[in-house]
Structure formats: structure tokens, C-alpha cells
Amino acid sequence: MENISSLPSGLADLKGKTVLFYSPGACSLASHIALEETGKPFRPVETLLGKQQHLSENYLAINPRGKVPALVTADGEVLTENTAILTYVALSNPDARLIPTRILDQARCIAQMAWFSNTPHIFQKAKFRPYHFADREEVHGDIREKAATRFWECLIEIDQMIGDQTWIMGQDYTVVDPYAFVFFGWGKSNGLPMETLLNFSRHKDQMLERPAVRTVLEREQNPHFQTYLAALR
Ligand SMILES: N[C@@H](CCC(=O)N[C@@H](CS)C(=O)NCC(=O)O)C(=O)O
């Protein structure tokens, strides 16, 4: 597995093939799966949050915000934010059918992904990093508690939006599905009773049946899905 520490610095050397910078278990999983679903070759480059590699000089030259994911196109252009990367991957690979063709339906996918990015993701962040939301340590416990409750409510909302549909947006698989899958994994690792969310659990099982999803989970050695993968082996 290629790691950012072994890359020469600067973007110039990255031209020629799409590159994805990801960290195992992070929200970058969504973009990682979407790229794998296209069936086209790309370079996945591990950028370990746990080793602070997202704050290395090499990575900050690519994404000065120091967040994963970041995508570098074959032309050497950088794109950040899951919502943008997922939309770009889907629209630039129409044969992979990862987004509806009707513009209004495409906008609905973007709306759903924007909510993932600005709501459940932020509650998960607040649960683990309350110091980003308040300086006074005495309120961090309160922030953690409220964020955990609100994160769980988001998972319930995702379960309800799936309902008896096959995928998040309806009959067809879209890039919205791997993004939702990220939150299932986080919920599981948070120790939440994910099995009680029947629709979301079915969605997770369907995701695990997809070859691209299995390939990426194995490549990442994604910590949130190891028990499910072990049961499938
Ligand atoms: N809104 C961004 C969020 C990116 C983000 O916060 N990524 C996290 C990993 S899940 C990260 O890189 N965290 C590193 C840090 O905050 O230090 C997106 O959806 O791409």
C-alpha cells in the first residue's frame, strides 16, 4: 500500500493517474468506494490521521486544511470535500451509473450528501473533539453527550429515509450510498445498537455484497467493518 510518506513532495509527480488520499476508517471511505466502483485505475494513497500524516508538509501542499479525502485528477488538479469528489467521480464516469441523469435528481443527491457532511459528521466530530466547539473543559462532557444523542438521531433518520427502498435515493445505487455507509461504521464502532436499525442494517449488508466495497474495506483494513468482513470470510 502506497503511503504519503513515500511520495516525493509537490503535485508535479502526481500527474497521469487519479490519486485519492484517504485514511482507513475516515469519511474518505465514501470517495474511496466510489472511485473503486468506476472500475478505472487510480492511486489510493494512505494518509494516516493517527500518525498526523494529514498535517505533514507533503499533504498540506495538497490540502492546506489538512483533511482527508483529497483527490488529485490525472491533470494534477486538486478537489477536496466528499460531496464534491463524489459528485465529480459520478458525473465524470457516466458508464458507472453512480448518479441519476435528471438534473433535479442529481441536485437531490448533492443535498443528501451536504446533510451528511454538515450534520451527522459534525456531531461525530463534536463527540470526539468537543474542544473544537468550546474552550471551557467543564462543558466538554455536555457537548459529548449531546453530540452522541444527536448522532444517534441522525442514524435513525437515515434508517427512515431508506425505509423499504433498495438504496438511499430509491431503486438505484448512487454515490450517496457509500457516504451513508461511513456513518453505519462509525455507529458500530461507537457501540450503538446498529442492529436495531433494520433498514440501515439491510443497506449495510447490500453494501458488503458489492465487490468494490469489499476491495476497499480490505485495502483500508477498515477498522469499523472488520467483524462483518470476518463473518463473510
Ligand atoms: N467536510 C469534509 C470533512 C473532511 C474531514 O473532516 N475529514 C476528517 C476525517 S473523517 C479529517 O481529515 N480529520 C482530520 C482532522 O480534523 O485533523 C468532507 O466531507 O470531505
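Me: Where is the place of Pro-41?
Reply: In this predicted model, where local features need pLDDT of at least 70, side-chain atom pairs count only at pLDDT 80 or more, and totals for chains, interfaces and linings use all residues, a word on numbering comes before the answer. Residues are numbered from 1 along each chain as its sequence is written. Pro-41 sits in the loop between helix H1 (29–38) and strand S2 (43–46), with helices (H or I, at least four residues) and strands (E, at least two) taken as DSSP runs numbered from the N terminus.

Me: OK, the domains: what are the bounds?
Reply: The protein chain is divided into domain 1 (4–96) and domain 2 (103–232), with bounds from an automatic or database domain assignment, and their C-alpha centres lie 20 Å apart.

Me: And how many residues are in contact?
Reply: 17 residues of domain 1 are in contact with 19 residues of domain 2, contact being C-beta atoms, placed from the backbone, within 7 Å.

Me: Which helix gives the largest share of the domain 1 side?
Reply: H1 does, with seven residues of the side of domain 1 that touches domain 2.

Technical notes. Two residues are in contact if their C-beta atoms, placed from the backbone, lie within 7 Å.
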